[in-house]
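Good morning, colleagues. Please look at the sequence and the structure now being shown, and keep both in view while I speak.

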Amino acid sequence: MHAFLTARLLPALALVMAAAVITPALAADAKPAGHAPGMQHGQSKTGKAAKARAALAISVAAAEDGSFWMVGLDDQGRLALQRSTDQGRSWDAPRLPDIGDDGVAADGESRPKVLIGKGGLVLVSYSSPLAKPYTAQVRLLRSTDGGRSFAPPVTVHADRQVITHRFESLAFDTQGRLHTVWIDKRDLEASKAGPTGEAPPYRGAAIYRNVSEDGGLTFGPDTRVADHSCECCRIALAPSPQGDVVAMWRHVYAPNERDHAFTHLGQDLAPEAEPVRATQDRWALDGCPHHGPGLARDAAQGYHAVWFGDRGGLVGVRYGRLDDAGRPLGDVRLLPDEAAEHADVLSSGPQVAITWRSFDGQRTRWRAWISADGGQSFTLRELGRTTQDNDHPKLFLAGSAIYGHWRSTEGVRIERLTP
């Protein structure tokens, strides 16, 4: 981590970091039973040796025709897409879009993402590291022919400083507009150039966003959503009842409390009201835990949320409900696994799925908590285990069914979690 670590942070993150070292993998050809073969260490596109924390992170999305799309890095560190027409039991040959000399962040909280639109639109986003440490630009690949070909990558944001533009998330609203949200440090840099001694230091980074009206061909202006976000935690997006997009992220509340904020991104480019404080752990921490939240719309009211934190000395991943405005609603529950980390949540009607990984000192387990009654009760499922390096499991929706994916050096696993 590049943020400052306090004595309190280290024990809180011991469980998180135990299984954090990962290595490259992606499917090269078909393999039965929902698995894709893993790949070994390779070279990045710039010729540099792969780092210890690269590059198992993938994303999977389902298209309207029922096919699954997976994006990640192949055994040579190249960005690769694969398509499956049998729910992930086998995958077609990798497609390798030309991204020039771009590097691709594909570890942990920072991963390439695939988003399927209408009419053959396929989008792939990634954070591409720049020359200085912890700097990057958010890049987007766009295909209008169902992924057969891609236009050259473009930079999503107007700001071109060699600073942090990372940890992007993107989603379509019901009008088909593309919302891109990322962590940005332009305001931190500006604060360094301003008068000294007149204001406290700028806390953390900021959340920025823009909107594309034409499926990623062009972008509106960069708009600041909020100052003082955490620096290295993923941003969670979910649909709202109004048809727009809501966001939840780890925030730095004065002077150093790392709780989570929630806001409606809105259907226009104007900033929304002050973000709502969605969690109340009051975790005082002078550092970034590299552990972002998960968020899903509830069928009846509000949202389902999962997050990692320290509440009164009790460290763990929690599940809670938020109302339509993002305010805490009802009781907060710890997941039934004291070693749970990097949880994700997704819903479909009354079905709710939460997935995570945990390390017991010898192996990493992939687990899920499934509810058929809107989160009132859950059933624990064991999905897999490995002694090999592995990525954080994630969820995606295919029709009305919720699926999970998990990647290790042994391969990629796809599991259907709800009917």
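**Salt bridges, a loop aspartate and the cysteines**

The count comes to 30 salt bridges, a salt bridge being a side-chain nitrogen of Lys or Arg within 4 Å of a carboxyl oxygen of Asp or Glu. This is a predicted model, in which local features need pLDDT of at least 70 and side-chain atom pairs count only at pLDDT 80 or more, while totals for chains, interfaces and linings use all residues. Residues are numbered from 1 along each chain as its sequence is written, and side-chain values use heavy atoms, with hydrogens and water left out.

I begin with K113 and E168, whose side chains form a salt bridge at 3.3 Å, N to O. K113 belongs to strand β5 (residues 113-116) and E168 to strand β9 (residues 165-172), so this pair ties together parts 55 residues apart in sequence. Strands (E, at least two residues) and helices (H or I, at least four) are DSSP runs, numbered from the N terminus. K113 is buried at 16% relative accessibility, and E168 is buried at 1%. Buried means under 20% relative accessible area, exposed over 50%, and partly exposed in between, with a 1.4 Å probe and protein chains only.

A further salt bridge joins D259 and R277 at 2.7 Å, N to O. D259 sits in the loop between β14 (245-250) and β15 (260-264), and R277 in strand β16 (residues 276-277), 18 residues away. Both D259 and R277 are buried.

Next, where is D222 found? D222 is in the loop between β11 (205-212) and β12 (223-229), and it is buried, with a relative accessible area of 17%. Its side chain reaches the backbone nitrogen of A158 at 3.0 Å. A polar atom of the D222 side chain also lies 3.1 Å from the backbone nitrogen of D159. Beyond its neighbours within four places in sequence, D222 has contacts (heavy atoms within 4.5 Å) that include W182, R186 and Y208.

Finally, the cysteines. How many disulfides does the structure hold? There are zero, a disulfide being a pair of cysteine sulfur atoms within 2.5 Å. For C233, the nearest cysteine sulfur is that of C288, 3.7 Å away. The sulfur of C288 has its closest cysteine sulfur in C230, at 3.4 Å, which is too far for a bond. C233 is buried at 2% relative accessible area, and C288 is buried at 1%.

How values were computed
A polar contact is a pair of N or O atoms within 3.5 Å; within protein, one must be able to donate a hydrogen and the other to accept it, and residues adjacent in sequence count only if both atoms are side-chain atoms.
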